[in-house]
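User: Hi! I'm new to this one and would like a friendly walk through it. Can you show me what we have?

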Amino acid sequence: SFEAASAITKGDLVYLSANMKVSKCSATTQYAIGVALNTVAVGEFCALCVRGVVKVTAGGVIDRGKAVQTDANAKAIVLADGSATYTPAELPDRIARAVGVALQTFASGDTGLIYVDKA
């Protein structure tokens, strides 16, 4: 569990916004560390799924088996592609943005399961 630095809703993708504090993701460039397992207010403790199967809401169409990251509303979207040939500088960013893999096909706004692997 981590202290919430912002209001967080169950199912939101969250990132480390300060030492041992998490906030709801608000940009696609943030490195989500997991998915909130409960709804909390600022200052409360939020349980996270950092490895395992969890339900999320899709911020766009996602095909089963695709790697996922956060969108600007803490929802899951397909991991954005980098350049056609990755440079050594791009790879760490792409790996850090990936939060898991879609276990189902989603339409935008659907809820479904992803496998999170950030541990």
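Analyst: Here is a chat about the fold, the sheet, the cores and the cysteines. One thing to keep in mind is that this is a predicted model.

User: Thanks! How many helices and strands does the protein have?

Analyst: There is 1 helix, along with 11 strands. Reading from the N terminus, the elements go β-β-β-β-β-β-β-β-β-α-β-β.

User: And what does the C-alpha trace span along its principal axes?

Analyst: About 45 × 30 × 20 Å. The radius of gyration is 14 Å, which agrees with a compact globule of 119 residues, since such a globule would have a value near 14 Å.

User: What share of the residues is buried?

Analyst: Buried residues make up 37% of the 119. On contacts, if you take those with a separation of 6 or more, 53% come from residues 24 or more positions apart.

User: What do strands pair through, in general?

Analyst: Strands of a sheet pair through backbone hydrogen bonds, and the pairing can be parallel or antiparallel.

User: What about strand 10 and strand 11?

Analyst: Strand 10 (residues 100-102) pairs with strand 11 over 3 bridges, again in the antiparallel sense. If you want a spot to look at, find Val101, which has Tyr115 of strand 11 opposite.

User: And which way do strand 8 and strand 9 run, parallel or antiparallel?

Analyst: They run antiparallel, with 3 bridges joining strand 8 (residues 67-70) to strand 9. Here Val68 faces Val78 of strand 9, standing opposite.

User: Switching topic: which residues touch the most other members in the largest nonpolar core?

Analyst: Val56 and Ile114 do, in a core of 18 residues. Strand 2 (13-18), strand 4 (32-36), strand 7 and strand 11 (111-117) each supply at least two residues of this core.

User: What does Val56 touch?

Analyst: Leaving out residues up to four places away in sequence, Val56 touches Gly11, Leu13, Val35, Ala76, Phe106, Asp110, Thr111, Gly112 and Ile114.

User: Which residues does the second core include?

Analyst: That separate core has 10 residues, among them Ile8, Val22, Ile33 and Cys46.

User: You mentioned a cysteine. How many disulfides does the structure hold?

Analyst: It holds 0 disulfides. For Cys25, the nearest cysteine sulfur belongs to Cys46 and is 11 Å away.

User: Is Cys25 buried or exposed?

Analyst: Cys25 is buried, because its relative accessible area is 2% and the cut-off for buried is under 20%.

Terms used
Residues are numbered from 1 along each chain as its sequence is written. This is a predicted model: local features need pLDDT of at least 70, side-chain atom pairs count only at pLDDT 80 or more; totals for chains, interfaces and linings use all residues. Side-chain values use heavy atoms; hydrogens and water are left out. A disulfide is a pair of cysteine sulfur atoms within 2.5 Å. Buried means under 20% relative accessible area, exposed over 50%, partly exposed in between (1.4 Å probe, protein chains only). Two strands pair if DSSP finds at least two bridges between them. Helices (H or I, at least four residues) and strands (E, at least two) are DSSP runs, numbered from the N terminus. A nonpolar core is a set of buried Ala, Val, Leu, Ile, Met, Phe, Trp, Tyr and Cys residues joined through side-chain atoms within 4.5 Å. Contact means heavy atoms within 4.5 Å. The radius of gyration is taken over C-alpha atoms; the globule rule is 2.2 Å times the number of residues to the power 0.38.
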